[in-house]
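Thanks, everyone. Please have the sequence and the model open while I talk. I'll go residue by residue, then out to the sheets and cores.

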Amino acid sequence: MWGDNGRTARSLWGGGLALLLAVVLAGCGDGGGQSEGPTGSATGASKGSASGGSGSSRTGLLYRDKEVSLSNVQAIKNGCPSDFNFYVEFADSGPRVLGPDESNPRLNDDGDQTDEGRPPVLSWEPPCSWDNEVLDFDDVPVAKVAADAGDLDQAGCQDAARAAVGDGTHVDRYKTRALAAGDRFCEDFAAGGRVVLLRVVKVSGSPVGELTLSATLWAGPAKTEGAPAQPGDKVYENQPVTVSDEVAKGHGCVLGSVGLGSDMPVVTYRSRLNGGGGDIEYFPSCLSGSPKMRFSAYVARVKGTAELDLTACQDAAARGESNELEVPVSELRTGDRFCRFDSLDKDVALLKVTAVTAKAPASVTFSVTRWEAPEPS
């Protein structure tokens, strides 16, 4: 049956509805373990359900460099142009292209987007479908890995993905026309305890009509959802977050926005017209001449070296300025500390400056600790 190609609203990204159309993998594997179908091929990938991606007890490397190929020609043969996506599951047995009788794997039985109980999923919109022509990743930490990063193991790939969330370089959707052979992407699919290293093997055509990817998959413990944080609980500690001229310029000279309310700090970059503000905003040199930070909620710059716990930080913030505190980057020094209290979201955060470059290209790195605010006394 046809699945929903839409993606639910997310904190970092948005999406819309479309009809799922993919094609079935046909035929039997040959002696080399290759199974081919009308949508492409997945070397070494077994057919059948990919369920159990988050339920398996296996750990460590599950497979390395298994390839999957996708083709605009095959899409056209199967009904494109239309609202058309290829979905690829990175199952424990190998990458698998979904067939036409399978629903959007990112949706549960109620039609809601979920990461629970499924493997990582990638989708591709071929040229005959949308004019976006993008690789669409899961709504989880994903990083495009630098060419000089060397070989990556499970921990290195996971660290790269999470670091990208903290500096605003994380990947959501990636234009296929910008791909080159050798490009690599790391995905931390925590809900299933899976880490994916994806490598571009072949990309051809203008627009891109042939795409071959190689996948490496590791397994680890799945993230478990514990009880919600209670008043007074520490949500995370000493998490790094960086805003910079370089990344802002790479996004078209836009604002940097830091969100503190998740299970780790999240940096995004957006234009003024996109609306919505972060808990902290960074105005890069290309926008303001002199880069600056703008804090929302109650914020205070804390002097001295005394340790700050939840109570001390909340009290300091409550005595500070309310909304729109602006601090030029030129006035920041390593070791500076800020306490922030959001009385609406009930968050208390301690931000320590761990690195700062005031001259263009400017950048600021904070170490962030966040608590759930205690109940009023």
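Start with S71. Its relative accessibility is 9%, so S71 counts as buried. One caution before I go on: this is a predicted model. S71 belongs to strand 3. What does its side chain meet? The side chain of S71 makes a polar contact of 3.0 Å with the side chain of E210.

Now the nonpolar cores. The largest has 32 residues. Which of its members touch the most others? Those are F90, F137, F185 and L198. Several strands supply two or more residues to this core: strand 3 (60-71), strand 4, strand 6 (121-124), strand 10 (184-189), strand 11 (194-204) and strand 12 (210-219). Strand 12 gives the most, with five residues. There is also a second, separate core of 27 residues. Among its members are V241, V299, V327 and A349. As background, nonpolar side chains in soluble globular proteins tend to be buried together.

Next, the aromatics. How many aromatic pairs does the structure hold? Four. Take F86 and W124. Their ring centres are 5.6 Å apart and their planes sit at 10°, so this pair is stacked, given that planes under 30 degrees apart count as such. Buried or exposed? F86 is at 0% relative accessibility, so F86 counts as buried. W124 is buried too, with a relative accessible area of 1%.

Compare Y174 and F185. Here the centres are 5.2 Å apart and the planes at 70°, so the pair is edge-to-face. Y174 is in strand 9 (residues 173-175) and F185 is in strand 10, eleven residues apart. Y174 has 18% relative accessibility; the cut-off for buried is under 20%, so Y174 counts as buried. F185, at 1%, counts as buried as well. Ring pairs also bring in F137, giving a cluster of F137, Y174 and F185. Recall that F137 and F185 were both named for their contacts in the largest core.

Back to strand 4, residues 86-91. Strand 4 pairs with strand 5, residues 94-97, in the antiparallel sense over four bridges. A hairpin of two residues joins these strands. Within the pairing, V88 stands opposite V97.

What is its strand order? Six strands run 13-23-22-21-18-19, with antiparallel pairing. Strand 13 (234-244) and strand 19 (321-322) are the edges. Each has a single partner strand, so one side of each has no neighbour in the sheet. Inside the sheet, strand 22 (residues 347-357) and strand 23 (residues 363-372) run antiparallel, joined by ten bridges. D347 has E372 of strand 23 as its bridge partner.

Last stop, helix 5, residues 310-318. Which residues are buried there? L310, C313, Q314, A316 and A317. Viewed down the axis of helix 5, the buried residues fall within an arc of 165°, so they line one face of the helix. What covers them? The cover includes strand 18 (298-302), strand 21 (337-342), strand 22 and strand 23. At the N-terminal end, D309 caps helix 5, with a side-chain oxygen 3.3 Å from the backbone nitrogen of T311.

That's my tour. Questions, please.

Key
Residues are numbered from 1 along each chain as its sequence is written. This is a predicted model: local features need pLDDT of at least 70, side-chain atom pairs count only at pLDDT 80 or more; totals for chains, interfaces and linings use all residues. Side-chain values use heavy atoms; hydrogens and water are left out. Two strands pair if DSSP finds at least two bridges between them. A nonpolar core is a set of buried Ala, Val, Leu, Ile, Met, Phe, Trp, Tyr and Cys residues joined through side-chain atoms within 4.5 Å. Buried means under 20% relative accessible area, exposed over 50%, partly exposed in between (1.4 Å probe, protein chains only). A polar contact is a pair of N or O atoms within 3.5 Å; within protein, one must be able to donate a hydrogen and the other to accept it, and residues adjacent in sequence count only if both atoms are side-chain atoms. The arc is that of the directions from the helix axis to the C-beta atoms. Contact means heavy atoms within 4.5 Å. Rings of Phe, Tyr and Trp (its six-membered ring) pair if their centres lie within 6.5 Å; planes under 30 degrees apart count as stacked, over 60 as edge-to-face and the rest as tilted.
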